[in-house]
Amino acid sequence: MQNILILGGDGYLGWPMAMYLSNKKYKVTVVDNYLRRNLCKEIGLNLLYEVPNLIERARLWYGLTGFEIKVVLGDIQNPEFMRSFFTGDIDYTWAVSREYSGNPEAVIHFAEMPSAPYSMIDYKTSNFTIVNNLIVTNNLMYAVRDLSKDTHIIKLGTMGEYGTPNIDIEEGWLEIEHKGRKDKFLYPRQAGSIYHTTKIMDTDLLWFGVRMWDLKVTDLMQCPVYGVETEESKLNEHLNTIFNYDEIFGTVINRFIVQAVSGYPLTVYGKGGQTRGYININDTLESIYLSLINAPNKGELRIFNQLTETLTVNEIADRIQLIAQKMGYDCSIKLIENPRKEKEEHYYNVIHKGLTDLGIKPHYFTNEIVERLMDVVVKYKNNIKKDIIFKGVKW
Ligand code: USQ
(Lines give C-alpha, C1' and ligand atoms only; values in the text may rest on other atoms or scores of the structure.)
Protein backbone atom coordinates (compact mmCIF):
# COMPACT_ATOMS: atom_id res chain seq x y z
CA MET A 1 0.00 0.00 0.00
CA GLN A 2 1.66 3.14 -1.18
CA ASN A 3 1.24 6.39 0.57
CA ILE A 4 0.23 9.32 -1.66
CA LEU A 5 -0.13 12.99 -0.81
CA ILE A 6 -2.47 15.08 -2.96
CA LEU A 7 -2.02 18.85 -2.78
CA GLY A 8 -5.21 20.63 -3.81
CA GLY A 9 -7.39 17.62 -2.98
CA ASP A 10 -10.64 19.60 -2.99
CA GLY A 11 -10.36 20.79 -6.60
CA TYR A 12 -11.82 19.73 -9.94
CA LEU A 13 -9.07 17.15 -10.47
CA GLY A 14 -7.81 16.69 -6.90
CA TRP A 15 -10.92 15.09 -5.41
CA PRO A 16 -11.60 12.61 -8.26
CA MET A 17 -7.90 11.68 -8.14
CA ALA A 18 -8.10 11.04 -4.40
CA MET A 19 -11.06 8.67 -4.84
CA TYR A 20 -9.45 6.96 -7.86
CA LEU A 21 -6.27 6.13 -5.93
CA SER A 22 -8.12 5.30 -2.73
CA ASN A 23 -10.20 2.82 -4.74
CA LYS A 24 -6.94 1.22 -5.86
CA LYS A 25 -6.01 0.80 -2.18
CA TYR A 26 -3.45 3.58 -1.96
CA LYS A 27 -3.23 5.39 1.38
CA VAL A 28 -4.29 8.86 0.38
CA THR A 29 -3.91 12.12 2.28
CA VAL A 30 -5.42 15.28 0.79
CA VAL A 31 -4.60 18.84 1.72
CA ASP A 32 -6.47 21.96 0.65
CA ASN A 33 -7.24 25.50 1.83
CA TYR A 34 -10.55 25.81 -0.10
CA LEU A 35 -9.00 28.43 -2.37
CA ARG A 36 -11.29 27.64 -5.29
CA ARG A 37 -14.45 27.65 -3.19
CA ASN A 38 -13.47 30.87 -1.44
CA LEU A 39 -12.62 32.68 -4.69
CA CYS A 40 -15.95 31.56 -6.16
CA LYS A 41 -17.76 33.01 -3.14
CA GLU A 42 -15.74 36.21 -3.26
CA ILE A 43 -16.48 36.84 -6.95
CA GLY A 44 -20.05 35.51 -6.75
CA LEU A 45 -19.62 32.44 -8.98
CA ASN A 46 -22.16 29.73 -8.33
CA LEU A 47 -21.26 26.09 -8.86
CA LEU A 48 -23.57 23.89 -10.94
CA TYR A 49 -24.52 22.05 -7.73
CA GLU A 50 -23.62 22.26 -4.07
CA VAL A 51 -20.51 20.28 -3.24
CA PRO A 52 -20.09 18.95 0.32
CA ASN A 53 -16.91 20.12 2.00
CA LEU A 54 -13.83 17.91 2.00
CA ILE A 55 -14.54 16.39 5.40
CA GLU A 56 -18.10 15.51 4.43
CA ARG A 57 -16.89 14.00 1.16
CA ALA A 58 -14.19 11.93 2.86
CA ARG A 59 -16.75 10.72 5.43
CA LEU A 60 -19.20 9.78 2.69
CA TRP A 61 -16.48 7.96 0.75
CA TYR A 62 -15.45 6.07 3.86
CA GLY A 63 -19.05 5.12 4.61
CA LEU A 64 -19.59 3.80 1.08
CA THR A 65 -16.28 2.02 0.53
CA GLY A 66 -14.57 1.54 3.87
CA PHE A 67 -11.53 3.35 2.42
CA GLU A 68 -10.05 6.24 4.32
CA ILE A 69 -8.91 9.49 2.69
CA LYS A 70 -7.17 11.56 5.36
CA VAL A 71 -7.99 15.27 5.20
CA VAL A 72 -5.84 18.19 6.28
CA LEU A 73 -7.05 21.76 5.83
CA GLY A 74 -4.51 24.56 5.64
CA ASP A 75 -2.36 26.71 3.39
CA ILE A 76 0.81 25.14 2.03
CA GLN A 77 2.15 28.60 1.24
CA ASN A 78 3.25 28.20 4.86
CA PRO A 79 6.52 26.22 4.54
CA GLU A 80 6.28 24.66 8.00
CA PHE A 81 2.80 23.38 7.22
CA MET A 82 4.10 21.89 3.95
CA ARG A 83 7.01 20.27 5.78
CA SER A 84 4.68 18.65 8.32
CA PHE A 85 3.58 16.17 5.62
CA PHE A 86 7.14 14.89 5.50
CA THR A 87 7.98 14.98 9.22
CA GLY A 88 4.75 13.35 10.37
CA ASP A 89 3.87 16.22 12.67
CA ILE A 90 0.42 16.55 11.10
CA ASP A 91 -2.74 17.78 12.71
CA TYR A 92 -5.33 15.82 10.68
CA THR A 93 -8.61 17.67 10.21
CA TRP A 94 -10.38 14.39 9.53
CA ALA A 95 -9.03 10.84 9.60
CA VAL A 96 -10.16 7.46 10.82
CA SER A 97 -6.71 6.72 12.19
CA ARG A 98 -4.52 9.66 13.11
CA GLU A 99 -1.36 7.63 12.75
CA TYR A 100 1.16 9.05 10.24
CA SER A 101 1.45 6.75 7.25
CA GLY A 102 5.09 7.68 6.60
CA ASN A 103 6.74 9.76 3.92
CA PRO A 104 4.71 9.86 0.71
CA GLU A 105 6.01 7.78 -2.20
CA ALA A 106 4.54 10.43 -4.46
CA VAL A 107 3.07 13.90 -4.17
CA ILE A 108 0.53 14.94 -6.79
CA HIS A 109 0.61 18.70 -6.96
CA PHE A 110 -2.64 20.37 -8.09
CA ALA A 111 -2.52 23.12 -5.47
CA GLU A 112 -2.40 26.19 -7.66
CA MET A 113 -4.68 29.01 -8.69
CA PRO A 114 -5.72 27.43 -12.04
CA SER A 115 -7.56 30.15 -13.94
CA ALA A 116 -6.10 32.22 -16.77
CA PRO A 117 -8.91 34.83 -16.63
CA TYR A 118 -8.62 35.18 -12.83
CA SER A 119 -4.92 35.91 -13.15
CA MET A 120 -5.72 38.64 -15.69
CA ILE A 121 -8.37 40.59 -13.73
CA ASP A 122 -5.92 43.13 -12.29
CA TYR A 123 -2.51 43.47 -10.63
CA LYS A 124 -3.85 42.09 -7.35
CA THR A 125 -5.11 38.80 -8.83
CA SER A 126 -1.97 38.61 -10.93
CA ASN A 127 0.26 39.06 -7.85
CA PHE A 128 -1.75 36.53 -5.92
CA THR A 129 -1.42 33.96 -8.71
CA ILE A 130 2.33 34.43 -8.99
CA VAL A 131 2.97 34.32 -5.25
CA ASN A 132 0.63 31.42 -4.50
CA ASN A 133 1.71 29.17 -7.34
CA LEU A 134 5.43 29.72 -7.04
CA ILE A 135 5.70 29.67 -3.25
CA VAL A 136 3.69 26.45 -3.03
CA THR A 137 5.88 24.77 -5.64
CA ASN A 138 9.06 26.01 -4.01
CA ASN A 139 7.88 24.89 -0.56
CA LEU A 140 7.18 21.45 -1.97
CA MET A 141 10.54 21.26 -3.71
CA TYR A 142 12.46 22.18 -0.54
CA ALA A 143 10.40 19.85 1.66
CA VAL A 144 11.19 16.94 -0.67
CA ARG A 145 14.86 17.95 -0.97
CA ASP A 146 15.33 18.23 2.79
CA LEU A 147 13.10 15.49 4.15
CA SER A 148 12.15 12.90 1.53
CA LYS A 149 14.43 12.85 -1.51
CA ASP A 150 12.97 9.63 -2.91
CA THR A 151 9.47 11.10 -3.20
CA HIS A 152 8.25 11.37 -6.77
CA ILE A 153 6.78 14.81 -7.49
CA ILE A 154 3.99 14.73 -10.07
CA LYS A 155 3.20 18.30 -11.02
CA LEU A 156 0.30 19.45 -13.14
CA GLY A 157 1.75 21.69 -15.76
CA THR A 158 -0.17 22.97 -18.75
CA MET A 159 0.00 22.82 -22.53
CA GLY A 160 -0.50 26.59 -22.42
CA GLU A 161 3.15 26.92 -21.41
CA TYR A 162 4.13 26.26 -25.02
CA GLY A 163 1.69 28.74 -26.55
CA THR A 164 0.93 28.22 -30.23
CA PRO A 165 4.27 28.11 -32.07
CA ASN A 166 4.47 27.67 -35.82
CA ILE A 167 6.42 24.42 -35.46
CA ASP A 168 5.54 21.01 -33.96
CA ILE A 169 5.30 21.00 -30.16
CA GLU A 170 7.64 18.27 -28.95
CA GLU A 171 7.15 16.40 -25.71
CA GLY A 172 8.86 18.79 -23.31
CA TRP A 173 12.29 18.96 -24.90
CA LEU A 174 13.86 20.25 -28.09
CA GLU A 175 17.19 19.21 -29.52
CA ILE A 176 18.96 22.20 -30.99
CA GLU A 177 21.91 22.26 -33.34
CA HIS A 178 23.77 25.55 -33.24
CA LYS A 179 27.00 26.33 -35.09
CA GLY A 180 27.77 22.66 -35.47
CA ARG A 181 27.09 21.70 -31.83
CA LYS A 182 24.00 20.00 -30.36
CA ASP A 183 22.21 20.12 -27.02
CA LYS A 184 18.77 19.36 -25.59
CA PHE A 185 16.75 22.10 -23.86
CA LEU A 186 13.29 22.55 -22.43
CA TYR A 187 11.02 23.25 -25.40
CA PRO A 188 10.61 27.06 -25.78
CA ARG A 189 7.79 28.42 -23.69
CA GLN A 190 5.64 31.49 -24.36
CA ALA A 191 2.46 31.59 -22.33
CA GLY A 192 -0.73 33.52 -23.04
CA SER A 193 -1.69 34.55 -19.49
CA ILE A 194 -0.08 35.30 -16.13
CA TYR A 195 -1.47 32.01 -14.82
CA HIS A 196 0.15 30.06 -17.66
CA THR A 197 3.36 32.02 -17.06
CA THR A 198 3.45 30.81 -13.44
CA LYS A 199 3.32 27.25 -14.78
CA ILE A 200 6.42 27.95 -16.87
CA MET A 201 8.14 29.25 -13.74
CA ASP A 202 7.09 26.11 -11.83
CA THR A 203 8.67 23.97 -14.50
CA ASP A 204 11.85 26.02 -14.27
CA LEU A 205 11.93 25.66 -10.48
CA LEU A 206 11.53 21.90 -10.60
CA TRP A 207 14.02 21.51 -13.45
CA PHE A 208 16.47 23.40 -11.24
CA GLY A 209 15.71 20.99 -8.36
CA VAL A 210 16.26 18.00 -10.64
CA ARG A 211 19.64 19.33 -11.82
CA MET A 212 20.86 20.43 -8.40
CA TRP A 213 19.54 17.75 -6.08
CA ASP A 214 18.60 14.76 -8.24
CA LEU A 215 14.88 15.06 -7.55
CA LYS A 216 12.44 12.77 -9.35
CA VAL A 217 9.82 14.81 -11.20
CA THR A 218 7.04 14.23 -13.70
CA ASP A 219 5.59 17.36 -15.32
CA LEU A 220 2.23 16.76 -16.99
CA MET A 221 1.49 19.30 -19.68
CA GLN A 222 -2.23 19.20 -19.16
CA CYS A 223 -4.70 20.57 -21.69
CA PRO A 224 -8.25 21.77 -20.84
CA VAL A 225 -10.16 18.96 -19.14
CA TYR A 226 -13.88 18.25 -19.42
CA GLY A 227 -16.40 15.96 -17.79
CA VAL A 228 -17.92 15.18 -14.41
CA GLU A 229 -18.52 11.50 -13.89
CA THR A 230 -15.82 9.07 -12.91
CA GLU A 231 -16.16 5.43 -11.85
CA GLU A 232 -15.92 6.48 -8.22
CA SER A 233 -18.34 9.42 -8.34
CA LYS A 234 -21.04 7.15 -9.77
CA LEU A 235 -21.42 5.71 -6.26
CA ASN A 236 -23.19 8.83 -5.03
CA GLU A 237 -23.89 12.22 -6.63
CA HIS A 238 -22.43 14.02 -3.60
CA LEU A 239 -19.05 12.61 -4.62
CA ASN A 240 -19.22 14.57 -7.89
CA THR A 241 -16.35 16.94 -8.47
CA ILE A 242 -16.65 20.73 -8.27
CA PHE A 243 -18.17 21.94 -11.53
CA ASN A 244 -17.78 25.55 -12.68
CA TYR A 245 -19.44 26.90 -15.80
CA ASP A 246 -18.50 30.54 -15.36
CA GLU A 247 -15.90 32.34 -17.43
CA ILE A 248 -13.32 32.35 -14.62
CA PHE A 249 -13.08 28.72 -13.54
CA GLY A 250 -15.10 26.84 -16.16
CA THR A 251 -13.22 25.23 -19.04
CA VAL A 252 -14.66 25.61 -22.51
CA ILE A 253 -16.35 22.23 -23.08
CA ASN A 254 -17.99 22.17 -19.65
CA ARG A 255 -19.14 25.75 -20.18
CA PHE A 256 -20.61 25.08 -23.61
CA ILE A 257 -22.57 22.07 -22.31
CA VAL A 258 -24.16 24.23 -19.62
CA GLN A 259 -24.80 27.01 -22.12
CA ALA A 260 -26.46 24.58 -24.54
CA VAL A 261 -28.72 23.14 -21.85
CA SER A 262 -29.75 26.57 -20.56
CA GLY A 263 -30.39 28.22 -23.93
CA TYR A 264 -27.42 30.60 -23.65
CA PRO A 265 -25.64 30.98 -27.02
CA LEU A 266 -22.26 29.21 -27.17
CA THR A 267 -19.69 31.98 -26.76
CA VAL A 268 -17.06 31.31 -29.39
CA TYR A 269 -14.25 33.84 -28.85
CA GLY A 270 -13.05 35.58 -32.01
CA LYS A 271 -12.85 33.44 -35.13
CA GLY A 272 -12.98 30.19 -33.14
CA GLY A 273 -9.98 28.65 -34.90
CA GLN A 274 -8.05 28.45 -31.60
CA THR A 275 -6.82 24.85 -31.43
CA ARG A 276 -6.01 23.12 -28.16
CA GLY A 277 -5.58 19.61 -26.92
CA TYR A 278 -8.52 18.28 -24.89
CA ILE A 279 -8.82 15.44 -22.42
CA ASN A 280 -11.67 13.69 -20.64
CA ILE A 281 -11.45 13.82 -16.84
CA ASN A 282 -11.22 10.00 -16.74
CA ASP A 283 -8.17 10.05 -19.00
CA THR A 284 -6.52 12.65 -16.78
CA LEU A 285 -6.91 10.32 -13.81
CA GLU A 286 -5.57 7.37 -15.77
CA SER A 287 -2.58 9.29 -17.07
CA ILE A 288 -1.61 10.51 -13.61
CA TYR A 289 -1.93 6.94 -12.37
CA LEU A 290 0.26 5.68 -15.22
CA SER A 291 2.84 8.33 -14.35
CA LEU A 292 2.72 7.21 -10.74
CA ILE A 293 3.31 3.52 -11.39
CA ASN A 294 6.04 4.27 -13.94
CA ALA A 295 8.14 6.70 -11.92
CA PRO A 296 11.12 8.49 -13.51
CA ASN A 297 14.66 7.98 -12.25
CA LYS A 298 16.35 10.19 -9.70
CA GLY A 299 17.70 13.29 -11.39
CA GLU A 300 15.12 13.04 -14.18
CA LEU A 301 12.51 15.60 -15.21
CA ARG A 302 10.07 13.61 -17.32
CA ILE A 303 7.53 15.55 -19.34
CA PHE A 304 4.33 14.24 -20.90
CA ASN A 305 2.04 16.22 -23.17
CA GLN A 306 -1.22 15.23 -21.56
CA LEU A 307 -3.89 15.31 -24.24
CA THR A 308 -5.75 12.77 -26.29
CA GLU A 309 -6.97 14.85 -29.26
CA THR A 310 -6.90 18.41 -30.62
CA LEU A 311 -9.96 20.46 -31.54
CA THR A 312 -10.77 24.03 -32.52
CA VAL A 313 -13.32 26.01 -30.53
CA ASN A 314 -15.55 25.95 -33.64
CA GLU A 315 -15.39 22.16 -33.80
CA ILE A 316 -16.39 21.94 -30.14
CA ALA A 317 -19.26 24.39 -30.58
CA ASP A 318 -20.54 22.65 -33.74
CA ARG A 319 -20.53 19.21 -32.12
CA ILE A 320 -22.29 20.44 -28.97
CA GLN A 321 -24.86 22.38 -31.00
CA LEU A 322 -25.60 19.33 -33.15
CA ILE A 323 -26.20 17.05 -30.17
CA ALA A 324 -28.10 19.71 -28.22
CA GLN A 325 -30.48 20.31 -31.13
CA LYS A 326 -30.96 16.56 -31.55
CA MET A 327 -31.87 16.37 -27.88
CA GLY A 328 -34.40 19.19 -28.31
CA TYR A 329 -32.49 22.14 -26.86
CA ASP A 330 -32.60 25.51 -28.54
CA CYS A 331 -28.85 25.97 -29.02
CA SER A 332 -27.20 28.74 -31.03
CA ILE A 333 -23.59 29.80 -31.53
CA LYS A 334 -22.45 33.40 -31.16
CA LEU A 335 -19.05 34.62 -32.29
CA ILE A 336 -18.07 37.32 -29.82
CA GLU A 337 -15.12 39.67 -29.68
CA ASN A 338 -12.26 37.74 -28.12
CA PRO A 339 -11.58 39.05 -24.60
CA ARG A 340 -8.21 37.23 -24.69
CA LYS A 341 -5.12 37.97 -26.69
CA GLU A 342 -4.45 34.74 -28.58
CA LYS A 343 -4.03 33.53 -32.16
CA GLU A 344 -7.38 32.62 -33.68
CA GLU A 345 -5.99 30.71 -36.67
CA HIS A 346 -2.70 28.92 -36.28
CA TYR A 347 -0.62 25.79 -36.78
CA TYR A 348 -0.95 23.27 -33.93
CA ASN A 349 0.69 19.88 -34.01
CA VAL A 350 1.53 18.32 -30.68
CA ILE A 351 3.60 15.21 -30.14
CA HIS A 352 2.02 13.15 -27.37
CA LYS A 353 3.60 9.74 -27.37
CA GLY A 354 4.62 9.31 -23.74
CA LEU A 355 1.27 8.40 -22.25
CA THR A 356 0.28 6.33 -25.28
CA ASP A 357 3.45 4.31 -24.77
CA LEU A 358 2.46 3.77 -21.15
CA GLY A 359 -0.86 2.35 -22.38
CA ILE A 360 -3.53 5.02 -21.91
CA LYS A 361 -6.93 4.10 -23.36
CA PRO A 362 -8.50 7.41 -24.34
CA HIS A 363 -12.15 8.48 -24.19
CA TYR A 364 -12.58 10.78 -27.19
CA PHE A 365 -14.94 13.74 -27.54
CA THR A 366 -17.67 11.73 -29.25
CA ASN A 367 -21.38 12.39 -29.69
CA GLU A 368 -22.09 9.82 -26.96
CA ILE A 369 -19.78 11.58 -24.50
CA VAL A 370 -21.46 14.92 -25.24
CA GLU A 371 -24.92 13.37 -24.78
CA ARG A 372 -23.96 11.81 -21.46
CA LEU A 373 -22.49 15.07 -20.22
CA MET A 374 -25.68 16.89 -21.15
CA ASP A 375 -27.76 14.30 -19.31
CA VAL A 376 -25.72 14.91 -16.17
CA VAL A 377 -25.84 18.71 -16.46
CA VAL A 378 -29.56 18.90 -17.21
CA LYS A 379 -30.35 17.44 -13.77
CA TYR A 380 -29.08 20.71 -12.31
CA LYS A 381 -30.56 23.01 -14.96
CA ASN A 382 -32.56 25.00 -12.42
CA ASN A 383 -29.36 25.99 -10.60
CA ILE A 384 -27.79 27.64 -13.66
CA LYS A 385 -27.23 31.38 -13.24
CA LYS A 386 -26.87 32.88 -16.69
CA ASP A 387 -25.35 36.14 -15.48
CA ILE A 388 -22.10 34.44 -14.43
CA ILE A 389 -21.48 32.74 -17.79
CA PHE A 390 -19.74 35.67 -19.43
CA LYS A 391 -18.02 38.44 -17.51
CA GLY A 392 -15.59 39.66 -20.15
CA VAL A 393 -12.25 39.67 -18.33
CA LYS A 394 -10.03 41.38 -20.87
CA TRP A 395 -6.36 40.67 -21.42
N1 USQ B 1 -12.95 29.86 -25.25
C2 USQ B 1 -13.97 30.33 -26.06
N3 USQ B 1 -15.17 30.61 -25.46
C4 USQ B 1 -15.39 30.45 -24.13
C5 USQ B 1 -14.34 29.98 -23.31
C6 USQ B 1 -13.13 29.69 -23.92
O7 USQ B 1 -13.83 30.47 -27.27
O8 USQ B 1 -16.51 30.74 -23.67
C9 USQ B 1 -11.65 29.52 -25.87
C10 USQ B 1 -10.47 30.27 -25.26
O11 USQ B 1 -10.31 31.53 -25.84
C12 USQ B 1 -9.33 29.30 -25.53
C13 USQ B 1 -9.98 27.92 -25.48
O14 USQ B 1 -11.38 28.15 -25.60
O15 USQ B 1 -8.82 29.51 -26.82
C16 USQ B 1 -9.71 27.16 -24.18
O17 USQ B 1 -10.09 27.97 -23.08
P18 USQ B 1 -10.39 27.38 -21.63
O19 USQ B 1 -10.98 28.49 -20.81
O20 USQ B 1 -11.12 26.10 -21.71
O21 USQ B 1 -8.92 26.98 -21.13
P22 USQ B 1 -7.69 27.81 -20.58
O23 USQ B 1 -8.02 29.19 -20.17
O24 USQ B 1 -6.59 27.67 -21.54
O25 USQ B 1 -7.33 27.07 -19.21
C26 USQ B 1 -7.76 25.72 -18.91
C27 USQ B 1 -7.67 25.51 -17.42
C28 USQ B 1 -6.22 25.63 -16.95
C29 USQ B 1 -5.36 24.66 -17.76
C30 USQ B 1 -5.53 24.92 -19.23
C31 USQ B 1 -4.80 23.95 -20.12
O32 USQ B 1 -8.48 26.46 -16.72
O33 USQ B 1 -6.13 25.35 -15.56
O34 USQ B 1 -4.02 24.83 -17.39
O35 USQ B 1 -6.93 24.81 -19.58
S36 USQ B 1 -4.18 24.69 -21.57
O37 USQ B 1 -5.23 25.50 -22.20
O38 USQ B 1 -3.76 23.64 -22.47
O39 USQ B 1 -3.09 25.54 -21.20
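**Figure 1. Residue classes and the lining of the largest cavity.** In these legends Ala, Val, Leu, Ile, Met, Phe, Trp, Tyr, Cys and Pro count as nonpolar, Asp, Glu, Lys and Arg as charged, and the others, Gly among them, as polar. With those classes in hand, the lining of the largest cavity shown here has 5 nonpolar and 4 polar residues, and no charged ones. Please keep in mind that this is a predicted model. The lining is made by N3, L5, T29, F85, I90, Y100, S101, G102 and P104.

Figure 2. The fold has 12 helices and 14 strands. Its C-alpha trace spans about 65 × 55 × 40 Å along the principal axes. The radius of gyration is 20 Å, which agrees with a compact globule, because a globule with 395 residues would have a value near 21 Å.

**Figure 3. The shell of residues around the ligand.**

**Figure 4. Polar atoms facing the ligand.** In the side chain of Y195, an N or O atom is 2.7 Å from an oxygen atom of the ligand. For V252, it is a backbone N or O atom that lies 2.8 Å from a ligand oxygen. T267 also takes part through its backbone, with a polar atom 2.6 Å from a nitrogen atom of the ligand. Taken alone, the ligand exposes 740 Å², and the protein buries 93% of that area.

**Figure 5. The second largest pocket and the helices that line it.** About 420 Å³ of space lies in this pocket. Its lining is made of 21 residues, with E229, T230, N280, N282 and H363 nearest the centre. Two or more lining residues come from each of the helices α1 (14–23), α9 (281–293) and α12 (367–378). Of these elements, α12 gives the largest share of the lining, 5 residues. Sorted by class, the lining of the second largest pocket has 9 charged, 6 polar and 6 nonpolar residues.

Definitions and conventions
Residues are numbered from 1 along each chain as its sequence is written. This is a predicted model: local features need pLDDT of at least 70, side-chain atom pairs count only at pLDDT 80 or more; totals for chains, interfaces and linings use all residues. Side-chain values use heavy atoms; hydrogens and water are left out. A polar contact is a pair of N or O atoms within 3.5 Å; within protein, one must be able to donate a hydrogen and the other to accept it, and residues adjacent in sequence count only if both atoms are side-chain atoms. Accessible areas come from the Shrake-Rupley method with a 1.4 Å probe; for residues, only the protein chains shown count as cover. On a 1 Å grid over the protein atoms alone, a cavity is a set of points where a 1.4 Å probe fits but cannot get out, and a pocket is an open set with protein on both sides within 12 Å along at least five of seven lines; lining residues have an atom within 4 Å of a point. Grid points are joined across faces, edges and corners, and a volume is the space filled by probe spheres set on the points. Helices (H or I, at least four residues) and strands (E, at least two) are DSSP runs, numbered from the N terminus. The radius of gyration is taken over C-alpha atoms; the globule rule is 2.2 Å times the number of residues to the power 0.38.
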